[in-house]
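Subject: A structure to look through

Hello,

Here is the structure I said I would pass on. Please open it and keep it beside this message while you read.

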Amino acid sequence: MTLGNEMQVLDVHCHYSTDEAYVFRTAEDRERATVNFRREVELGTEEEMLEDLRAAGVRTMINIGCTTDLPIEEVRELHDDTARIISENRDVFIGQWIMVDPNEDTLSEFERCLTELDMGLVGFTVNGSSTNTAASDEAYHPFYELCLEHNAPVHVQLGYTGIGARHPGGDGRILQYCHPKHVDKLAAEFPEMKIIIGRPAWPWQSEAIATFIHKENIVGYELHGWSPRWWPEELKQSIEHRPGFQGKIMFASDYPIFSHDELYEAWEELDLSRDQLEGIYHDNAVNILGQFDGADL
């Protein structure tokens, strides 16, 4: 039995495990993701997803992934359905990360998510490689202004992404748009905006750590997408030994790509005390996400 199985865990990044809304939407994408992550993901029903998350003892922020390949009408339907699931299952869901290609239609849709839908905590997430638009690009500025107006978190994903991996040309995705220099610039240009960074930032982990330490308004770091057993050594050493680092680190699973049990085991192999792990599993997210409107932790 791991500590993660003994307590409620706040998982700040997971995906749907249903066929209709899984982050890898096509059969080809799913086949390539199986090779990339070296694991088969079993998709199921909404009820089975809820059962999985309840069995893991988590409450989570859900991310339906980038919707740039979908018409805006389908994006609205996905958000409506997510609002329904969240409102009916508050014991499981904290809220949702919204990730869209930046344009006038999606700006209106993001505002609708913030003001009209019952989603709990609504945050805006940028995976620059998914949209081929860096987080510091002016196209996102209207979205950031909405986040400031509604006290919503901005979440920027760094480093290597599984989106487009093993496709010819990476399916046109440009990894450099997830370089930490873009969140460094963003944090400097919007000093009043609270930012959360996501993913181990390989192959630019040193730059990510420097930016995280330097910019006070980068308030948290979640580590979805990788098992701790695969982390760059500098990230592992910083979490274990850099003063103050553990207080800003939040657990994130990337479920269903990873199971919670396997991640609990890997986290608990690190050189961390029980108090530090309890912070990472729960208390840090309460302190960090609790700063934002809509958070019910």
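What radius of gyration would a compact globule with 297 residues have, and what does the chain have? The globule would be near 19 Å and the chain has 18 Å, which agrees. Before going further, note that this is a predicted model.

**Overall**

The C-alpha trace spans about 45 × 45 × 40 Å along its principal axes. The chain contains 12 helices and 8 strands. Of its 297 residues, 57% count as buried. If you take the contacts with a separation of 6 or more, 79% of them come from residues 24 or more positions apart.

**The cores**

The largest nonpolar core is made of 73 residues. Y144 and W267 have the most contacts inside this core. The element that gives the most to it is α4, with 6 residues. Another core lies apart from that one and has 14 residues, including I94, L121, I288 and L289.

**Helix α7**

Helix α7 covers residues 141–150, and in it F143, Y144, L146 and C147 are buried. Why can these residues be placed on the same side of α7? They cover an arc of only 155° around the axis, and that puts them on one and the same side of the helix. As background, an α-helix has 3.6 residues a turn, so residues three or four places apart point the same way.

Several elements cover the buried residues of α7, among them α5 (104–115), β4 (121–127), β5 (154–157) and α8 (180–189). For Y144 itself, leaving aside neighbours within four places in sequence, the contacts are F124, V126, A135, V154, L186, F190 and M193. After α7 comes N151, which has a positive phi, near 50°.

**Strand β5**

Two of the contacts of Y144, F124 and V154, turn up again in the strands: F124 stands opposite V154 in β5. β4 and β5 run parallel and are joined by 4 bridges. β5 also pairs with strand β6 (residues 195–198), again in the parallel sense and over 4 bridges. In that pairing V154 stands opposite I195.

Which residues of β5 point one way, and which the other way? V154 and V156 point one way, H155 and Q157 point the other way, and all of them are buried.

Leaving aside neighbours within four places in sequence, H155 is in contact with H13, W97, F124, T125, V126, I196, I197, G198 and E222.

**D91**

Next, a residue in a loop. D91 lies between α4 (72–88) and β3 (93–98). Is D91 buried, exposed or partly exposed? Its relative accessibility is 42%, so D91 counts as partly exposed; the buried class would need a value under 20%, and the exposed class one over 50%.

Apart from neighbours within four places in sequence, D91 is in contact with R54, V58 and R59. With R54 there is a polar contact from side chain to side chain, at 2.7 Å. E192 is 101 residues away from D91 along the chain, and the C-alpha atoms of the two are separated by 31 Å.

**Backbone points to check**

- The peptide bond from W202 to P203 is cis, with omega near 10°. P203 is in the loop between β6 and α9 (205–214).
- R199, in the loop between β6 and α9, has a positive phi near 75° and is not a glycine. With a relative accessible area of 5%, R199 is buried.
- The peptide bond from Y255 to P256 is also cis, with omega near 5°. P256 sits in the loop between β8 (249–250) and α11 (260–267).
- N132 is not a glycine either, yet its phi is positive, about 55°. N132 lies in the loop between α6 (128–131) and α7. With a relative accessible area of 28%, N132 is partly exposed.

Regards

Note on methods. Residues numbered from 1 in each chain as written. Predicted model: local features only at pLDDT ≥ 70, side-chain atom pairs only at ≥ 80, totals over all residues. Heavy atoms only, no water. Buried < 20%, exposed > 50% of the residue type's maximum accessible area, 1.4 Å probe, protein only. Contact = heavy atoms within 4.5 Å. Polar contact = N/O pair within 3.5 Å; in protein donor to acceptor, adjacent residues only side chain to side chain. Arc of directions from axis to C-beta. Core = buried A, V, L, I, M, F, W, Y, C linked by side-chain atoms within 4.5 Å. Pairing = 2+ DSSP bridges. Rg over C-alpha atoms; globule rule 2.2 N^0.38 Å.
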